[in-house]
Amino acid sequence: MRDKITLNKDNCKILVCCHKPCELPPNPDGLFLPVQVGAAISDVDLGMQRDDQVNGELCDNISAKNKSYCELTALYWAWKNIKKIYPNLEYIGLNHYRRYFSFDRKNYFDDAVVLPENEVKNYKLDKIKLEKILSKYDVLMAKPRIYPYSLEIDYSVCHVSEDLRTLKKIIHEKYPEYDKDIYSVMTCGCRLSHYNMTVIGWNDFDAYCAWLFNILFEAEKEIDIAKYNAVQGRIFGYMAERLFNVWVLHNLKRVKLLNIFKFVDAKVHSGLWQFAYLLRNKFLGNISLIGKTKFSEEYYAKYVLGN
């Protein structure tokens, strides 16, 4: 166990990725930093930190790639720029405007505790519990979702299997020491911590981002996504979810897993939709996506991804 950790608004920032106007939870300790992702390609200014600027000036960013990199545009912005604003930063995290870590409630059958979206105003970040976690563990991640088949099969069913082969080739060429970890997580494994959500020490974050973006930028050169629809176009966000699990397995030993709160609209929170959501995740896997119908794509984007 490390020495006791005390978090404050100067040494810890948890990015809250936002792409549209939304209600945010209270932030009395100043640990949350709402970030407008895709700001460079948006006609709306959300009045928060943009993922293409520092102190009102343009900066090193990939904001314009938000449609394919998703929340990673905030991750990249923070990696390259956040210490210009918070030079004493020691811990950094990532949450979403509808997804936050649950420190006191569990769902034993899924990775998420689902609540109606208007309850996000009641969410409270438990700073004391987070301090205890970071004193004992190297990283905080979302509780894994368990699939009825390997993650390799899951990716091949839901996305483009050739892209996964390209990704594995790139990793083998650049980082062959990760081959066994890719095999363990993707080929043999069926557990995936989703959403690219975390709280982690800065040094580990820095090392992870250097590894991640080196891989993804090469994948971007080799994979033509021009004809992908909006859901499949999020390719590099999907890849990063898998890659974060691989990187953690290879580099970190002490991992804390927590359920997340997923705030959804009232319709999805109803009993019938809750049952359908559970049925899809636990028993039917991703079968609703196999046909690639308009309904399945819209369902996946709205009710599973929460966008």
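**Notebook: a serine, some loops and helix pairs**

I began at Ser135: a polar atom of its side chain lies 2.8 Å from the backbone oxygen of Glu131. A polar contact is a pair of N or O atoms within 3.5 Å; within protein, one must be able to donate a hydrogen and the other to accept it, and residues adjacent in sequence count only if both atoms are side-chain atoms. I placed Ser135 in helix 3, residues 127-136. Helices (H or I, at least four residues) and strands (E, at least two) are DSSP runs, numbered from the N terminus. Ser135 counts as buried because its relative accessibility is 6%. Buried means under 20% relative accessible area, exposed over 50%, partly exposed in between (1.4 Å probe, protein chains only).

Notes on the model. This is a predicted model, in which local features need pLDDT of at least 70 and side-chain atom pairs count only at pLDDT 80 or more, while totals for chains, interfaces and linings use all residues. Residues are numbered from 1 along each chain as its sequence is written, and side-chain values use heavy atoms, with hydrogens and water left out.

Whole chain. I noted twelve helices and 14 strands. Of the 307 residues, 54% count as buried. Among contacts with a separation of 6 or more, 77% are between residues 24 or more positions apart. Contact means heavy atoms within 4.5 Å.

The loop between helix 1 and helix 2. Cys70 is in this loop, between residues 66-69 and 72-85. I noted its positive phi of about 55°, although Cys70 is not a glycine. Cys70 counts as buried because its relative accessibility is 15%. Glu71 is in this loop too, and is buried with a relative accessible area of 13%. Which residues does Glu71 touch, not counting those up to four places away in sequence? I listed Cys17, Leu94, His96, Tyr195 and Asn196. The C-alpha of Glu71 is 9.9 Å from that of Asp51, 20 residues apart along the chain.

I followed Asn196 next. Asn196 is in the loop between strand 11 (191-192) and strand 12 (198-201). Asn196 has a positive phi of about 55° and is not a glycine. At 6% relative accessibility, Asn196 counts as buried.

Helix pairs. Helix 2 and helix 7 (residues 202-222) pack at about 125°, with axes 11 Å apart. Helix 2 is therefore oblique to helix 7. The contact includes Leu75 and Trp79 of helix 2 and Phe205 and Phe213 of helix 7. Helix 2 passes helix 7 in a left-handed crossing. Axes are lines fitted to C-alpha atoms, for helices over the stretch in contact, and angles run from 0 to 180 degrees between N-to-C directions. Angles under 35 degrees count as roughly parallel, over 145 as roughly antiparallel, 65 to 115 as roughly perpendicular and the rest as oblique. A crossing is left-handed if the near helix is turned anticlockwise from the far one by less than a right angle, and right-handed if clockwise.

I then looked up helix 5 (residues 161-174) and helix 6 (residues 179-188), which pack at about 155° with axes 10 Å apart. Helix 5 is therefore roughly antiparallel to helix 6. The contact includes Leu164 and Ile171 of helix 5 and Ile182 and Met186 of helix 6. Their crossing is right-handed.

Last entry, helix 8. Of its 17 residues, 14 are buried. Helix 8 covers residues 235-251 and reaches 24 Å from its first C-alpha to its last, close to the 24 Å expected at 1.5 Å a residue. The expected span is 1.5 Å times one less than the number of residues.
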